[in-house]
Amino acid sequence: MTVQPRSGLAVALPNESASAKAKVRGSSVGHPVIEAETKAAEEVDLPWQVVVHNDPVNLMTYVTMVFQKVFGLPRAQAEIHMMEVHQKGRSILWTGVRERAELYVQQLHGYLLLATLERTV
Amino acid sequence: MEMLRDGDCLELRDLDPFLAELLRQIPASTKAEGVESAERRLFSEPAAASEKELCAEWKVYVQPELRRLFGNATGIVIADLEQLASNEKPFANCTLRIPTRNGEAWLNALNQARLAIAAKFDFTESELSDHYRSPLGSRRDLSLFQVNFYGFLQEWILREVDCV
């Protein structure tokens, strides 16, 4: 199926047959084909974890404040994660797609916390 | 020294020359000064060493942004510390006013300083929790006192300013 918008651009939908696309491509130079982007790569990407590691310098109250600020956690939950970091050496703060995990780690580094991205296995 | 909040300012009143000098040292203390351990701590790796591509990209794209962020925070602190620059009465006690809107920049700069100093001197966890050690014994003892004094200021700012 091909949708012909008012602007004149031909938009080929993902399930369109190859021959139909070829027909559109060959019909006119002024009618580019815009194919819908597929998300296959992202869908099969395993989730990544944002892990915060213990460090003896950062204050417990400061770490709690950072968790509240970066992840929007209520204070009680932020304190649970902070205590996990303090007592067990690390805490998983978030799990999900890589791009967002990278953004969280960047924010945590901006607050000078020891944070890493890890693949879930 | 008296610490209080006055409207939109945090005030450190009756600062003696020694503590005023420690405050003046904040910007210089944030610098890693070519000390690899301090540089590594301020700009820590984002992932395990096996994630080579991610770590390499981080250095190119994220670290410059972090340097800019840390520099901005230190710049705000430097501007506030101008109040202590007057040398009309170098041995008189003085007052420092920190606008509450600068609280987050102060937290960041103090943290940079504490982490850089601790990395340079490789302080142990037990040393860092020894809050009663005299600062007068050696350069190491003075630096430990500096780390704890800056931590004390962080606690105060966190208590007085709603940073969340």
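In chain A, 56% of the contacts (heavy atoms within 4.5 Å) between residues at least 6 apart in sequence join residues at least 24 apart. The model is predicted, and local features need pLDDT of at least 70, side-chain atom pairs count only at pLDDT 80 or more, and totals for chains, interfaces and linings use all residues. Residues are numbered from 1 along each chain as its sequence is written, chains are lettered from A and ligands numbered from 1 in the order in which they are written, and side-chain values use heavy atoms, with hydrogens and water left out.

Chain A contains five helices and six strands (DSSP runs of H or I with at least four residues, and of E with at least two, numbered from the N terminus). Their order from the N terminus is β-β-α-β-α-β-α-α-β-α-β. Of its 121 residues, 38% are buried (under 20% relative accessible area, 1.4 Å probe, protein chains only).

Beyond four places away in sequence, Phe71(A) touches Val50(A), Val66(A), Leu93(A), Trp94(A), Tyr104(A) and Leu108(A).

Gln146(B) lies in helix H7 of chain B, residues 139-160. Gln146(B) counts as buried because its relative accessibility is 5%. Residues touched by Gln146(B), not counting those up to four places away in sequence, include Leu22(B), Ile117(B) and Arg139(B).

Methods:
Buried means under 20% relative accessible area, exposed over 50%, partly exposed in between (1.4 Å probe, protein chains only).
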